[in-house]
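Here is a friendly walk through one protein model, helix by helix. Keep the structure open beside you as you read.

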Amino acid sequence: MNYLIINGSPRKKITYGVIKQAISNFDGNFEEIHLAKEKIPMCNGCYKCIMEGEEYCPHYDIINPIMDKIRKCDGIIIGSPVYSMNVTALLKNFFDHTAYLYHRPQFFTKKALVVVTTAGAGQKKVADYIDENLKYWGVNNIYKLHFACGGKDSLEKDKINKTAKKFARDVESKKMHSPKFSNIISYNVWRAMACCDDPIPADKKYWFDSQLVSHEFAPEVKLNIFKKLFSKFVFFFFRKVFK
């Protein structure tokens with residue numbers, strides 16, 4: 001299995017230590033991206049990635065190699081310490097460059113492990129924020145490790161090891177988990193918007209070229225009959241809303 005580690009910390013300290021402890025529990029090919037070394041310019045909010053296509057981002061030559069590595073990996077590991085009750089600026093800036101994935105999700109077969117540490121508070125909130133972004137990317141299943149480490153002399157290795165092993169077993173199984181109803185709703189919102197009379201050009205191209213517009217959800221991920229009916233209803237409803 002191929003794993004991509006995205007380190008959102010400017011340092012290799014506690015958060016990175018948790019990641020290293022986690023991956024000591026399973027075998028695989030590990031590639032590391034340290035966002036501090038990528039020198040990604042700040043997102044300037046030009047909307048080109050959303051309106052015209054991600055290839056029109058002024059920083060595409062820097063961002064796309066990272067996205068290619070995500071496409072090729074089996075499991076994603078993303079880490080960030082808590083900075084001012086949020087992710088680091090490094091990770092936030094990276095997420096800002098992937099805003100188009102809210103409109104055009106694509107990582108439906110990926111599994112992810114989120115690692116967040118803090119000296120004080122905010123670890124769960126920040127882990128949930130990363131989790132939310134990954135869900136909009138389309139990621140199939142997400143595991144979370146979050147710790148308040150202030151005043152502690154050692155890592156909570158038992159908790160780290162247990163979650164890491166579950167994550168690895170899931171990646172190796174290649175099992176696709178049924179999406180939550182909230183994921184089905186967001187999928188069908190963008191699916192319906194791509195079919196409206198005046199769609200965002202890049203959205204329409206993606207949904208129709210990929211043929212996802214013809215599916216209740218990504219075809220790799222099976223829905224039971226109830227979720228299929230729910231998806232059909234949501235799509236029908238938003239087709240009426242987005243005329």
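The face of α10 turned away from its buried side carries Pro201, Lys205 and Asp209, which are exposed (over 50% relative accessible area; buried means under 20%, and partly exposed lies in between, with a 1.4 Å probe and protein chains only). Helices here are DSSP runs of H or I with at least four residues, strands are runs of E with at least two, and both are numbered from the N terminus. This is a predicted model, in which local features need pLDDT of at least 70, side-chain atom pairs count only at pLDDT 80 or more, and totals for chains, interfaces and linings use all residues. Residues are numbered from 1 along each chain as its sequence is written, and side-chain values use heavy atoms, leaving out hydrogens and water.

Which residues of α10 are buried? In this helix, residues 201-209, they are Ala202, Asp203 and Trp207. They sit on the same side of α10 because they cover an arc of only 120 degrees around the axis, taken from the directions from the helix axis to the C-beta atoms. As background, an α-helix has 3.6 residues a turn, so residues three or four places apart point the same way. The cover over the buried residues of α10 includes α3 (48-51), α6 (100-103) and α9 (181-193), where contact means heavy atoms within 4.5 Å.

## A closer look at aspartate 203

Aspartate 203 belongs to helix α10. With a relative accessible area of 3%, aspartate 203 is buried. Leaving aside residues up to four places away in sequence, aspartate 203 touches Ile50, His103, Arg104, Trp190 and Ala194. Aspartate 203 and glutamate 52 are 151 residues apart in sequence, yet 8.4 Å apart in space, C-alpha to C-alpha.

Aspartate 198, in the loop between α9 and α10, counts as exposed at 69% relative accessibility. From aspartate 198 to cysteine 49 there are 149 residues in sequence and 18 Å in space, C-alpha to C-alpha.

## How α9 meets α11

Two packed helices are described by the angle between their axes and the distance between the axes. For α9 and helix α11 (residues 225-241), the angle is about 40 degrees and the axes are 9 Å apart. The axes are lines fitted to C-alpha atoms, for helices over the stretch in contact, and angles run from 0 to 180 degrees between N-to-C directions.

On the α9 side, the contact is made by Phe181, Ile184, Ile185, Asn188, Val189, Arg191 and Ala192. On the α11 side, the residues are Lys227, Phe230, Ser231, Val234, Phe235, Phe238 and Arg239. Together the residues of this contact divide into nine nonpolar, two polar and three charged (Ala, Val, Leu, Ile, Met, Phe, Trp, Tyr, Cys and Pro count as nonpolar, Asp, Glu, Lys and Arg as charged, and the others, Gly among them, as polar).

## Two further helix pairs

Helix α5 (residues 89-96) packs with helix α7 (residues 123-137) at about 20 degrees, with axes 12 Å apart. The two are therefore roughly parallel (angles under 35 degrees; over 145 is roughly antiparallel, 65 to 115 roughly perpendicular and the rest oblique). Leu91, Lys92, Phe94 and Phe95 of α5 meet Tyr129, Ile130, Asn133 and Trp137 of α7. Those contact residues divide into six nonpolar, one polar and one charged.

Helix α1 (residues 14-23) and α8 pack at about 55 degrees, their axes 8 Å apart. That angle makes α1 oblique to α8. Val18, Gln21 and Ala22 of α1 make the contact with Lys157, Ile160, Asn161 and Ala164 of α8.

## Positive phi values

Most residues other than glycine have a negative phi, and most peptide bonds are trans.

Serine 84, in the loop between β3 (75-81) and α5, has a positive phi near 50 degrees. At 77% relative accessibility, serine 84 counts as exposed. Lysine 174, in the loop between α8 (157-173) and α9, has a positive phi near 60 degrees. Lysine 174 also counts as exposed, at 57% relative accessibility.
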